[in-house]
Amino acid sequence: MPSTNPRAAWLHAARQPLRVDQAPRTAPGRGEILVRNRAVAINPFDGIVQSLGSLVTPWLRYPAVLGSDLAGEVLAVGPGVSRFAPGDRVLGLALGVEKAANRPVEGAFQECVILREACAARMPPGLAFEQAAVLPLAFATAACGLFLSGHLGLRRPSPDRVSPACGDSVLVWGAATSVGSCAVQLAAAAGYRVIATCSAHNFEYARSLGATACVDYHDPAAAARVVEAIGGSPLAGVLCVAVGAGGACIDVAGRCAGARRVAMASVPVSLVDAPLEAQFRWNLGRLPRLALGFAGLALRARLRAVRTSSIWGTAVIHDPWGARLFEDFLEPALASGRFQAAPRPLVAGTGLEAIPAAMQRLAQGVSARKVVVSLPVPMTASDWPAGTAPEYTSASAH
């Protein structure tokens, strides 16, 4: 008989290893659902929070549970929930480290997780949990950068059809990343010409998602090639996903007619290799480069009269339109096949114990793939012993 106590991969303090241990059984509150995870995906942000928590998430309370991407089965629904029922297969965006949530029961790296109803979507039949788990944070980040008024403010895609072509171009620099894969699809669905940068061996992949033209970002003249590909069409905006590509994106925006806007879901230098211990030398070498990189981008943008913004992916759920994005767009678009769960998952292990190694695998780099961990066969609602319905317990009491 399965254990009645789910487990979580706990982060007890910044710069500490994850430790798998029991977690409180938690009933969903108003507007929440309880999901038994079947797969979780790994994002660079997870390792950055673990190793540089005070730098990027100073509000985070410990012990914490990391992780934003998951797919699983609904065990229970809270008051006011009408979209889901026990047994539904869902993918979801977990908000455990989000400042507005900041509670471990909402982190993805555990066996049973609390999801906000607005941050979940039913999976279509035939879509594997491992494939579905690649989407949530990448989808939210791409939508945030493309459509919110504080970023590119593009016209938004229709929930039931591809929008008519508008003739404007959108540049997605880093189209083979998980965010880029979603951004290409979203911009194309909204009717834009999508210019994509990626490695040459991923051109066919980017085109399959809706890219009109592809440019190899390894080319020393990549920015000029992008400008050529945009041609005479107005540039509606640039979404910069690839690390260190901000300068090239600003240059493109400054050289094209149209909107001079760059939304950045990237940083000037990589942070994924920060060690958990003995960080002094790493900090001494990397943090000044990071600060100088941001300062250089700000100066470059000012000289070229380009407006830049930094994307915080989960911000989309605080927008009235974005709060309905999983329900109104993602769920029907996946069901109809208009939106793909991309990129392909790279399954790096099974069980919560496999998450640290999966995070290291991601830090080594992947191309047109997303690192995923499968979780064991689920507990069902009937597995809870009679008379022991879970009560809400703050995981901070762990």
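Mentor: Ground rule for sheets: two strands pair if DSSP finds at least two bridges between them. Strands (E, at least two residues) and helices (H or I, at least four) are DSSP runs, numbered from the N terminus.

Trainee: Okay. What kind of model is it?

Mentor: A predicted one: local features need pLDDT of at least 70, side-chain atom pairs count only at pLDDT 80 or more, and totals for chains, interfaces and linings use all residues. Residues are numbered from 1 along each chain as its sequence is written, and side-chain values use heavy atoms, with hydrogens and water left out.

Trainee: How many bridges join β1 to β4?

Mentor: Two, with β1 (residues 7-11) and β4 running antiparallel. Tryptophan 10 has valine 65 of β4 as its bridge partner. The open sheet there has three strands, ordered β2-β1-β4, with antiparallel pairing. β2 (19-22) and β4 (64-65) are its edge strands, each pairing on one side only.

Trainee: And the six strands, in what order do they form an open sheet?

Mentor: β11-β10-β9-β12-β13-β14, and the pairing is parallel. The edges are β11 (213-216) and β14 (307-310); each has a single partner strand, so one side of each is left without a neighbour in the sheet. On average, neighbouring strands are turned by 20° against each other, direction ignored. For angles, axes are lines fitted to C-alpha atoms, for helices over the stretch in contact, and values run from 0 to 180 degrees between N-to-C directions.

Trainee: Which helix packs on the sheet?

Mentor: α4 (residues 178-189), which touches β9 (169-173), β10 (193-198) and β12 (235-240). Contact means heavy atoms within 4.5 Å. The direction of α4 makes about 175° with that of β9.

Trainee: Is α4 largely buried, or what? How many of its residues are?

Mentor: Eleven of the twelve, so α4 is largely enclosed by the rest of the structure. Buried means under 20% relative accessible area, exposed over 50%, partly exposed in between (1.4 Å probe, protein chains only). Cys182, Val184 and Leu186 are among the buried ones. After α4 comes glycine 191, with a positive phi near 95°.

Trainee: What does threonine 197 touch?

Mentor: Leaving out residues up to four places away in sequence, its contacts include Leu171, Trp173, Val215 and Tyr217. Threonine 197 lies in strand β10 and counts as buried because its relative accessibility is 0%.

Trainee: New topic. How far apart are the end C-alpha atoms of α3?

Mentor: They are 16 Å apart, which agrees with the 16 Å that the twelve residues of α3 (136-147) should span at 1.5 Å a residue. That expected span is 1.5 Å times one less than the number of residues. Twelve of the twelve residues of α3 are buried, so the helix is largely enclosed by the rest of the structure.

Trainee: Now aromatics. By the rule, how many aromatic pairs?

Mentor: Seven. Rings of Phe, Tyr and Trp (its six-membered ring) pair if their centres lie within 6.5 Å; planes under 30 degrees apart count as stacked, over 60 as edge-to-face and the rest as tilted. One of them is phenylalanine 139 with phenylalanine 326, edge-to-face at 5.5 Å centre to centre and 80° between the planes. Phenylalanine 139 is in α3 and phenylalanine 326 in α9 (residues 325-336), so the pair ties together parts 187 residues apart in sequence.

Trainee: And phenylalanine 139 with phenylalanine 329, what's the geometry?

Mentor: Their centres are 6.2 Å apart and their planes at 10°, so that pair is stacked. Phenylalanine 329 lies in α9 too, while phenylalanine 139 is in α3, so here the linked parts are 190 residues apart in sequence. Ring pairs link Phe139, Phe326, Phe329 and Phe339 into a cluster.

Trainee: What lies over the face of phenylalanine 129?

Mentor: Arginine 89, at 4.8 Å from the ring centre. The rule is NZ of Lys or CZ of Arg within 6 Å of the ring centre and within 35 degrees of the ring normal. Arginine 155 has its charged end over the ring of tyrosine 192, 5.9 Å from its centre.
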